[in-house]
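Grab your viewer and let's go.

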Amino acid sequence: MQAITTARTVSRRLATLLPAGLLTTAIMAAPASAFWGTQGGSCGDGCSQGACAQPRPVKGAAHDLYNHLENGRAANAMWPYPYVCPDRVWAHGPFDIMVVNGWRRQNLLGAHHFDHETGKLTKAGKLKIEWILTQSPPSRRQVFVERSMSDDITQDRIAKATEFADGLQLDEGEAIVQDTFVRSPRRAASMVDGERNSYIENRKPAVLPAGTTSTSSQSN
């Protein structure tokens with residue numbers, strides 16, 4: 001009886017406020033969940049507290065009509081957050097992908113990190129794994145191995161890297177070693193050493209320019 005009374009009361013109030021055409025359209029409209037969906041609940045951290053909260057549905061005979069109108073009011077009140085929040089997430093998405101790809105290349109073991117004859121890790125490969133598992137951020141401590149044209153060689157490289165990583169006896173548990181199609185840039189060690197030595201030899205001396213002291217004295 002209470003539900004019938006509520007429905008009649010809501011209908012009478014709406015009849016006094018809405019034209020006949022608008023009232024008929026509101027009654028024939030779909031439920032609130034189909035009208036607005038879940039867009040209001042998909043907002044990210046950019047929304048203010050409570051700005052994207054959905055109103056509670058009213059149970060009763062006139063719940064479809066009431067929720068339809070209440071959702072329209074709430075949508076206008078929270079504008080433009082139902083659209084801004086997903087846009088922010090989508091705008092950040094490419095940057096997150098670039099960060100992941102960058103760390104995958106940074107933690108990559110190439111073919112030159114393994115001996116071509118025995119398949120064992122070289123000294124550079126061991127130092128690379130040790131750096132990844134101790135110096136990189138904890139959330140990025142994953143080793144990637146460049147895939148070879150032979151699956152057997154790829155699996156052997158993964159096994160060698162996993163064996164060495166587990167032998168470090170770190171407190172973070174078992175190391176994660178995964179293959180990838182990303183290619184590691186190859187350069188001879190002599191080239192890297194030559195660039196470093198050339199940079200050191202051509203550095204300017206860390207001294208003040210000539211005449212700085214005399215100029216300062218004259219100004220004083």
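A pocket here means an open set of grid points, on a 1 Å grid, with protein on both sides within 12 Å along at least five of seven lines. Keep in mind that this is a predicted model.

Q: What volume does the largest pocket have?
A: The volume is the space filled by probe spheres set on the grid points. For the largest pocket, that comes to about 420 Å³.

Q: Which helices each supply at least two residues of the lining of the largest pocket?
A: The lining has 13 residues, and those nearest the pocket centre are His112, His113, Pro185, Arg187 and Val192. By class, the lining splits into six nonpolar, four polar and three charged residues. The helices giving at least two residues each are H5 (81-106), H6 (123-134) and H8 (189-201).

Q: Is H6 parallel, perpendicular or oblique to H7?
A: H6 and H7 (residues 151-167) have axes 10 Å apart and pack at about 55 degrees. Angles of 65 to 115 degrees would count as roughly perpendicular, and those under 35 as roughly parallel. That angle therefore makes H6, relative to H7, oblique.

Q: How many charged residues are in the contact of H6 with H7?
A: On the H6 side you'll find Lys126, Ile129 and Leu133, which meet Ala161, Phe164 and Ala165 of H7. Sorted by class, that contact has five nonpolar residues, no polar ones, and a charged count of one.

Q: Where is Pro80 found, and is the peptide bond from Trp79 cis or trans?
A: Pro80 sits in the loop between H4 (63-78) and H5. Most peptide bonds are trans. The bond from Trp79 to Pro80 has omega near 0 degrees, and is cis.

Terms used
Residues numbered from 1 in each chain as written. Predicted model: local features only at pLDDT ≥ 70, side-chain atom pairs only at ≥ 80, totals over all residues. Heavy atoms only, no water. 1 Å grid on protein atoms, 1.4 Å probe; cavity = no way out; pocket = protein on both sides within 12 Å on 5 of 7 lines; lining within 4 Å. Helix = DSSP H or I, 4+ residues; strand = E, 2+ residues; numbered from the N terminus. Nonpolar A, V, L, I, M, F, W, Y, C, P; charged D, E, K, R; others polar. Axes fitted to C-alpha atoms, helices over the stretch in contact; angles between N-to-C directions. Parallel < 35°, antiparallel > 145°, perpendicular 65-115°, else oblique. Contact = heavy atoms within 4.5 Å.
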